[in-house]
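Try each task before reading its solution.

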Amino acid sequence: MSDVDHSHPHSDSDHGHHDHTHGTIDPELLTTERGIWAVKWSLIGLAVTAAFQVVVVFFSGSVALLADTIHNIADAATAIPLWIAFTLMRRQPSRRFTYGYGRVEDVAGVMIVLTILFSAVVAGYESINRLLHPQSVEHLWAVAVASIIGFAGNELVALFRIRVGKQINSAALVADGYHARVDGLTSLAVLFGAVAVWLGYPLADPIVGLVITVAILAIVWESGKTVFTRLLDGVDPEVTDEITHALNHAQGVRDVTEIRLRWLGHRLHAEINLAVSPKLSVAEGHAIAVEARHQLMHSLPYLSNVNIHIDPEHLSGERHHRIIDHAHGGLSKHSHR
């Protein structure tokens, strides 16, 4: 029996008794547009917050607020590579980039992590310098107000980014959202530092700056793990289990022998080997593959595309597609894998 490889677009109109196209708008384009929308408004929100804090830092001399402001500016700046990534992802695949430009979003995630790391280094340096060379903090009431505004601005942006990021399955956008949330908490730390200075403990200001630096480094670690896992084609094992469960209940499927998954930005691609009865015709095997793909695309909305390879039972899986060792003329034995 011949193997059949399915790599259709995100519609199932070729299936005889199911003819629908999941809407006329490309879902990948729709999620990309939503990502740009989220990035644009979060950039505006953080830019306004940081601008107000810069003014207060200039008049107060608070290093804790400076550390928080530096981080907020860096956080606003991280929206720029994300914006570029989402814009590039609107381009159609080309002969050179046959999978499209989804990986640009993962590269943007790396840039975000590096930007956050840089902000931690700057904030840490300024805090240590102020700890070694103490200076008075003026206008404590303004520092307190700026810290509260910093918390509110970051929390609103965090809620916005996380919600949209989860809706479109963007690891970079979700990481940026949690980053903004911790930024909000560090802004509150500035408030506690201002209160401590008011109570007569001037070193509380640079100490809070160091605490903020440690919090930023924790964000770098967590966000870095998420971004680099995707960059290395890592996928949550629960996703594989969910796909296996769905396929094992598909009519005509005897076994699921291979599942390979990779994220390209916020869209998940799958390559699957299915085993079917060897008594089926090519057309019958094709119909099983189309229906299995159809069910997956409906039940698992985070899937962007599914390529299904059909094999006869007992000959399914990559190990059965390898050519055994052989020789050409006087050459040594070799195989094509």
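**Exercise 1. Find which residues Ser 147 is in contact with, leaving aside its neighbours within four places in sequence.**

Solution. 
- Step 1: Start with the partners. With neighbours within four places in sequence left aside, Ser 147 is in contact with Ser 187, Val 190 and Leu 191, where contact means heavy atoms within 4.5 Å.
- Step 2: Ser 147 lies in helix α5; helices (H or I, at least four residues) and strands (E, at least two) are DSSP runs, numbered from the N terminus.

Before going on, a word on the model. It is a predicted one, in which local features need pLDDT of at least 70 and side-chain atom pairs count only at pLDDT 80 or more, while totals for chains, interfaces and linings use all residues. Residues are numbered from 1 along each chain as its sequence is written, and side-chain values use heavy atoms, with hydrogens and water left out.

**Exercise 2. Describe the chain: how many helices and strands are there, and in what pattern?**

Solution. 
- Step 1: Count the elements. The chain has nine helices and four strands.
- Step 2: Read them along the sequence. The pattern is β-α-α-α-α-α-α-α-α-β-β-α-β.
- Step 3: Look at burial. Of the 337 residues in the chain, 45% are buried.
- Step 4: Look at contacts. Among those with a separation of 6 or more, 72% are between residues 24 or more positions apart.

**Exercise 3. Work out whether the span of α2 agrees with its number of residues, and how many of its residues are buried.**

Solution. 
- Step 1: Get the expected span, which is 1.5 Å times one less than the number of residues. For the 15 residues of α2 this gives 21 Å, and the end C-alpha atoms are 21 Å apart, so the two agree.
- Step 2: Count the buried residues. In α2, 12 of the 15 residues are buried, so the helix is largely enclosed by the rest of the structure.
- Step 3: Name some. Among them are Val 63, Leu 65, Thr 69, Ile 70 and Asn 72.

**Exercise 4. Describe how α2 packs against α5, α7 and α6.**

Solution. 
- Step 1: Two packed helices are described by the angle between their axes and the distance between the axes. Axes are lines fitted to C-alpha atoms, for helices over the stretch in contact, and angles run from 0 to 180 degrees between N-to-C directions. Angles under 35 degrees count as roughly parallel, over 145 as roughly antiparallel, 65 to 115 as roughly perpendicular and the rest as oblique.
- Step 2: Take α5. Helix α2 (residues 63-77) and helix α5 (residues 140-168) pack at about 25°, with axes 11 Å apart, and are therefore roughly parallel. On the α2 side, Leu 65, Asn 72 and Asp 75 meet Val 143, Ala 146, Asn 154 and Arg 161 of α5. These divide into three nonpolar, two polar and two charged residues (Ala, Val, Leu, Ile, Met, Phe, Trp, Tyr, Cys and Pro count as nonpolar, Asp, Glu, Lys and Arg as charged, and the others, Gly among them, as polar).
- Step 3: Take α7 (residues 204-231). The angle with α2 is about 25° and the axes are 7 Å apart, which makes α2 roughly parallel to α7. The contact has eight nonpolar, two polar and two charged residues.
- Step 4: Take α6. Its axis and that of α2 come within 10 Å and cross at roughly 165°, so α2 is roughly antiparallel to α6. The contact of α2 with α6 has four nonpolar, five polar and four charged residues.

**Exercise 5. Is Asp 233 buried, exposed or partly exposed, and what is its phi?**

Solution. 
- Step 1: Locate the residue. Asp 233 is in the loop between α7 and α8 (237-248).
- Step 2: Read its accessibility. At a relative accessible area of 27%, Asp 233 is partly exposed.
- Step 3: Read the phi. Asp 233 has a positive phi of about 65° although it is not a glycine. Most residues other than glycine have a negative phi.

Notes: Buried means under 20% relative accessible area, exposed over 50%, partly exposed in between (1.4 Å probe, protein chains only).
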